[in-house]
Amino acid sequence: MSWIRRAIAFALVACLVLAVGASTAIGGGSGYEHHQTNGVSYLSDLPGGAQYVSLGDSYAASGSHAKVRPMDLCARNGDDLGHVLAQRLQPNTFTDRSCSGATLDDLTQPSPKPNTSPQLYGVGPFTRLVTVIIGANSLGFGNIVVHCLGNPDDRCAAASTQDLPGSQGWNFVRAQYAATVDAIKKAAAPDVRVVLVGYLPLFPLDGPPDLACLDRAGIPPENVDHWRTWYRSLDRLIREVAADRRVMYVQPPMDRTACDPDPYVRLGGIKLKEQEPEANGLHPTVAGQRALGNLIEDRLRGTAPPA
């Protein structure tokens, strides 16, 4: 081979390497995580080469504390919902953009956390599946945690009824959520499947609460009803957006709540915090994320009935 041919061959190889490298940098930006898998999907309409992106707040990012990545300001877990579902579906690429504390603003705008870009930057023209757990923080979950559960006080009732369906605040969050879904569709592949996921419940939505469990946590029983009011408001918002934008809604498992053995969500409360700081979670457990991931897979396969 002459030196000219060798030079041409070298240039072609270099271009190929650059192209492959660029194809893995989906979305770009700080806070980006890319995971390569074997590219064999178990869904007929999610072929090898498809990209899966997980968006959302701490209910998407939570898992086992042991698997939180060092220096990850978003506190993503290696066994969070996105990782569970990616392991089940085996897409060609998986991007985890979920971030603890995220609001709807953080999906389309830079987060206050240093070195993080909008979560939407993880979605690109080859993205075929996007799961989204978002809305709770925009609808006042922080106030519910503070006033109703973590350190209960007399402001719980007001916090739970601040943004009821039809109120100005509720309507604003609903419109923002719908616009965010539109932005995801615009950024992704034309046939993208967007899945809006509901929040694993802390307590059963009906019936008397477990008084002994609540006493151990230091949560007044009446605060469970206040939480139910807020939760139903949030769930209705997500359902309505999914219906309006014609995307899939997945209702989470409603059993094994915080007071049950091996629950799907951790309990919190001032008494638990005094005993064990790590117990003040109020977030999904590893078992909860696995159950939710399995349910989403079943819905995508069509083997589980719609919510």
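Buried means under 20% relative accessible area, exposed means over 50%, and partly exposed lies in between (1.4 Å probe, protein chains only). The model shown is predicted, so local features need pLDDT of at least 70, side-chain atom pairs count only at pLDDT 80 or more, and totals for chains, interfaces and linings use all residues. Residues are numbered from 1 along each chain as its sequence is written, and side-chain values use heavy atoms, with hydrogens and water left out.

**View 1. Tyr52 and Phe94, a stacked pair.** Searching the whole structure turns up six aromatic pairs. Rings of Phe, Tyr and Trp (its six-membered ring) pair if their centres lie within 6.5 Å; planes under 30 degrees apart count as stacked, over 60 as edge-to-face and the rest as tilted. Here the ring centres of Tyr52 and Phe94 are 5.2 Å apart and the planes are at 20°, so this pair is stacked. Tyr52 sits in strand S2 (residues 51-56) and Phe94 in strand S3 (residues 93-96), 42 residues apart. Helices (H or I, at least four residues) and strands (E, at least two) are DSSP runs, numbered from the N terminus. Tyr52 is buried at 0% relative accessibility, and Phe94 is buried at 2%.

**View 2. Phe141 and Trp230, a pair between two helices.** This aromatic pair is stacked, with 5.3 Å from centre to centre and 25° between the planes. Because Phe141 belongs to helix H5 (residues 141-150) and Trp230 to helix H9 (residues 222-244), the pair ties together parts 89 residues apart in sequence. Phe141 has a relative accessible area of 7% and is buried; Trp230, at 4%, is buried too.

**View 3. A cluster of rings.** Which residues do ring pairs link into a cluster? They are Tyr59, Phe141, Tyr199 and Trp230.
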